[in-house]
Amino acid sequence: MTSKHHYDIEADRHYLQLLSQSFPTIADAAKEIINLEAIMNLPKGTEHFLADIHGESEAFQHVLKNASGNIKRKVNELFGNDIRESEKKELCTLIYYPEQKLELIKAQEEDIDDWYRITIHQLVKVCRDVSSKYTRSKVRKSLPEDFSYIIEELLHERTDDQDKAAYVAVIVNTIISTGRADDFICAICNVIQRLAIDQLHILGDIYDRGPGAHKIMDTLRQYHSWDIQWGNHDILWMGASAGNDACICNVLRLCLRYSNLSTIEEYGINLVPLATFALEVYGDDPCEEFMPRLLKPDPRMDDKTLQLTARMHKAITIIQLKEEARIFMRHPEWRMQDRCLFDAIDYERQTCTIDGHEYEMKSCHFPTIDPAAPNQLTPEEQLLMQKLHHSFRISEKLHKHMRTLLSHGCMYAIHNSNLLFHASIPLNDDGSLKPVEIYPGKSYEGKQLMHNIGMMIRAAFQNDRNTAEQQTSPAEYPRDYARDYFLYLWCGKDSPLFDKSKMATFERYFLCDKETYKEEKGNYFKLRDSAEICDRILDAFGVEGPNRHIINGHVPVHASKGENPIKAGGRLMVIDGGFSEAYHNETGIAGYTLVYHSRGFQLVQHEPFTSQRDAIVRETDIKSTTQIVEMSAHRMLVADTDKGRELKAQVADLKELLYAYRHGILTEKRN
């Protein structure tokens with residue numbers, strides 16, 4: 001090695017001394033180099049991309065369990081024509097729902113021991129395949145303690161080895177004879193699910209519309225490796241958790257609009273004060289425009305319940321629009337005072353003037369509005385909001401879930417040459433990055449904009465006694481301002497989570513003219529079909545590589561109208577999951593998910609999920625159509641990934657340490 005190399009090591013002596021504490025001898029450093037070099041030559045782990053789950057917990061669980069068809073694909077590859085299609089379906093369903101499927105099979109199977117024997121061998125074969133791209137150490141860490149040794153033995157022994165065939169057979173027979181077959185099958189099925197996906201990426205919107213956002217969050221808290229790029233609906237709940245009253249109202253309004261209070265109830269939010277207030281104030285109001293949107297028949301929603309829900313819906317909507325107006329007036333720099341539309345109503349003529357045009361109101365029954373001060377809360381509304389605010393602020397489970405979103409989330413992420421974000425990047429008319437002022441005197445664009453919005457969001461939780469997020473907040477983002485900013489992120493024109501001309505909540509509820517409902521999309525949505533624009537965004541974020549992409553969700557893809565989720569010559573993939581039933585009639589499908597394995601990208605188009613019961617009893621999987629987006633000429637290895645670049649840097653450092661040991665710059669620390 002050159003003298004310059006020796007000088008570099010002298011300069012880095014302090015770092016190498018720290019490294020030597022982990023690798024105190026030449027043998028230790030060399031062993032780690034061998035290990036890392038070997039890992040880099042394993043196949044790339046499978047990444048799974050989901051977006052816009054919107055509380056549909058059963059569909060989410062199923063897609064997670066079947067890895068968007070990845071497990072079914074492996075079963076087909078492994079068994080081909082060796083077993084019948086019905087047997088492959090049964091095996092897949094068993095892997096997805098082992099406990100429930102076992103109960104059904106045991107009630108029907110005449111020779112259960114024989115079934116156990118055949119099935120255990122099949123499951124070991126599948127497990128061996130999904131574990132083949134990981135080190136033994138990583139596989140070992142994923143194994144359940146009770147069966148760790150047995151599964152590891154079975155994975156690394158083959159029945160075609162005559163010397164070991166009897167050994168394997170005895171292990172399987174003993175599992176059955178000792179009455180542990182059910183437990184073993186459940187354990188190995190869970191291992192298969194765990195190893196089928198290396199990393200889960202969620203591109204926003206876990207919350208709203210569907211009934212099970214809290215169940216999804218509970219699942220994610222236990223999931224082995226995942227990240228989230230926050231969506232506008234996640235931000236709304238985070239804002240409510242942080243104490244933004246306008247966000248609290250929006251959360252409740254959306255839950256009442258879809259007659260979906262499961263998550264609210266699970267978080268212990270007390271709605272009795274709202275129901276009492278709504279009955280007192282709107283008891284004689286039919287509230288027709290506030291009737292909930294039932295996505296499917298609900299026997300619990302009788303006429304009386306529907307009417308109460310509609311009145312609660314109207315009550316919280318009126319308060320929401322007042323709370324929003326107060327925040328907009330507090331922040332004139334947002335230029336959103338034109339959304340204070342209670343000021344634009346002629347209460348006698350029952351009209352509303354917007355941009356110089358007068359529009360007829362659907363109704364003008366506003367018992368809590370004073371035309372002289374239309375955005376002022378009545379004393380009763382103030383008391384109600386204090387109670388709701390308190391209820392959101394003391395919900396331990398809500399704050400636990402919000403802490404999880406904070407610890408696993410950000411506004412954007414870059415993984416393996418893929419730029420991930422939920423909705424958009426604000427652009428000027430010419431496609432250049434648009435500077436957005438997020439705080440007086442602080443304007444950012446592109447990557448810096450997304451980063452600083454993330455800092456703003458975290459600032460809202462600084463010193464919050466209800467969270468563990470005790471981060472240092474930048475002085476330029478005071479907590480009160482950051483808390484207000486959640487509303488701008490939800491409905492601000494230049495918010496990267498909204499990016500539309502307006503949010504027409506008021507117009508849809510109160511104006512007759514449907515032309516006023518139109519929300520003009522921002523430039524990102526107008527220009528994202530351009531490869532040049534996508535390349536400009538990728539360059540701005542420093543995304544490199546010959547096969548780089550933008551992946552986002554937010555806007556449902558209208559497949560029934562021929563819209564293609566792959567845009568800009570393959571540079572952009574829109575994978576709005578379409579899980580929410582609210583979108584199924586509109587899109588014609590249940591959306592898309594994306595799988596990125598060592599062979600390339602596969603985009604999976606899903607038909608609507610029926611139910612978990614159908615999946616278990618009738619073995620109905622989500623009907624999926626796989627579209628190969630991009631296949632690699634060679635099988636991608638860990639060395640080709642971000643992780644591979646980290647490992648190469650570690651190897652280089654370890655080689656410097658070896659040089660230092662061998663040339664006497666550092667002394668080995670032998671026992």
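This is a predicted model: local features need pLDDT of at least 70, side-chain atom pairs count only at pLDDT 80 or more; totals for chains, interfaces and linings use all residues.
## A quick tour of the strands, salt bridges and surface

In strand β15, Phe49 finds its bridge partner in Leu594.

- Phe49 belongs to strand β1, which covers residues 47-50.
- Both faces of β1 are covered: Glu47 and Phe49 are buried on one side, and His48 and Leu50 are buried on the other.
- With strand β15 (residues 592-597), β1 pairs in the antiparallel sense, and 3 bridges join the two.
- With strand β2 (residues 199-202), β1 pairs in the parallel sense, this time over 4 bridges.
- Leu50 is one of the residues involved here, and its bridge partner in β2 is Ile202.
- What holds neighbours like these together? Strands of a sheet pair through backbone hydrogen bonds, and they can do so in parallel or antiparallel fashion.

**An open sheet of 5 strands**

- Now find the open sheet whose 5 strands come in the order β8-β9-β12-β14-β13, with mixed pairing.
- Which strands sit at the edges? They are β8 (412-415) and β13 (566-567), and each of them pairs on one side only.
- Ile414 stands opposite Leu419 of β9.
- β8 and β9 make a hairpin with 2 residues between them, and Asn416 in the turn has a positive phi of about 50°.

**Salt bridges**

- How many salt bridges does the structure hold? There are 31.
- One of them joins Glu152 to Arg140, with the closest N and O atoms 2.9 Å apart. This pair links distant parts of the chain, 12 residues apart: Glu152 is in helix α10 (residues 148-155) and Arg140 is in helix α9 (residues 136-142).
- Glu152 counts as buried because its relative accessibility is 16%, under the 20% cut-off. Arg140, at 38%, counts as partly exposed.
- Lys434 and Asp494 form another salt bridge, and their closest N and O atoms are 2.9 Å apart. Lys434 lies in the loop between β9 and β10 (436-439) and Asp494 in the loop between α22 (479-491) and α23 (505-510), so this pair ties together parts that are 60 residues apart in sequence.
- Lys434 is partly exposed at 22% relative accessible area, whereas Asp494 is buried at 12%.
- Lys526 pairs up with Glu520, and the closest N and O atoms of this salt bridge are 2.6 Å apart. Lys526 is partly exposed, with a relative accessible area of 46%.
- Asp535, Asp539, Arg548 and Arg571 are linked in a whole network of salt bridges.

**Out on the surface, and a buried loop residue**

- Glu109, Glu110, Asp111 and Asp113 gather in a surface patch of negative charge.
- Among them, Glu110 is found in the loop between α7 (98-108) and α8 (112-131).
- Is Glu110 buried or exposed? Glu110 counts as exposed because its relative accessibility is 80%, over the 50% cut-off.
- Ala639 sits in a loop too, between β17 (624-631) and α28 (642-662). Ala639 is buried, with a relative accessible area of 19%.
- Ala639 and Arg128 are 511 residues apart in sequence, and 22 Å apart in space from C-alpha to C-alpha.

Definitions and conventions:
Residues are numbered from 1 along each chain as its sequence is written. Side-chain values use heavy atoms; hydrogens and water are left out. Patches are made of residues with over 30% relative accessible area and no salt bridge: like charges are joined within 9 Å, nonpolar side chains (Val, Leu, Ile, Met, Phe, Trp, Tyr) within 5 Å. Accessible areas come from the Shrake-Rupley method with a 1.4 Å probe; for residues, only the protein chains shown count as cover. A salt bridge is a side-chain nitrogen of Lys or Arg within 4 Å of a carboxyl oxygen of Asp or Glu. Lys and Arg count as positive and Asp and Glu as negative; His and the chain ends are not counted. The place of a charge is taken as NZ of Lys, CZ of Arg, CG of Asp or CD of Glu. Buried means under 20% relative accessible area, exposed over 50%, partly exposed in between (1.4 Å probe, protein chains only). Two strands pair if DSSP finds at least two bridges between them.
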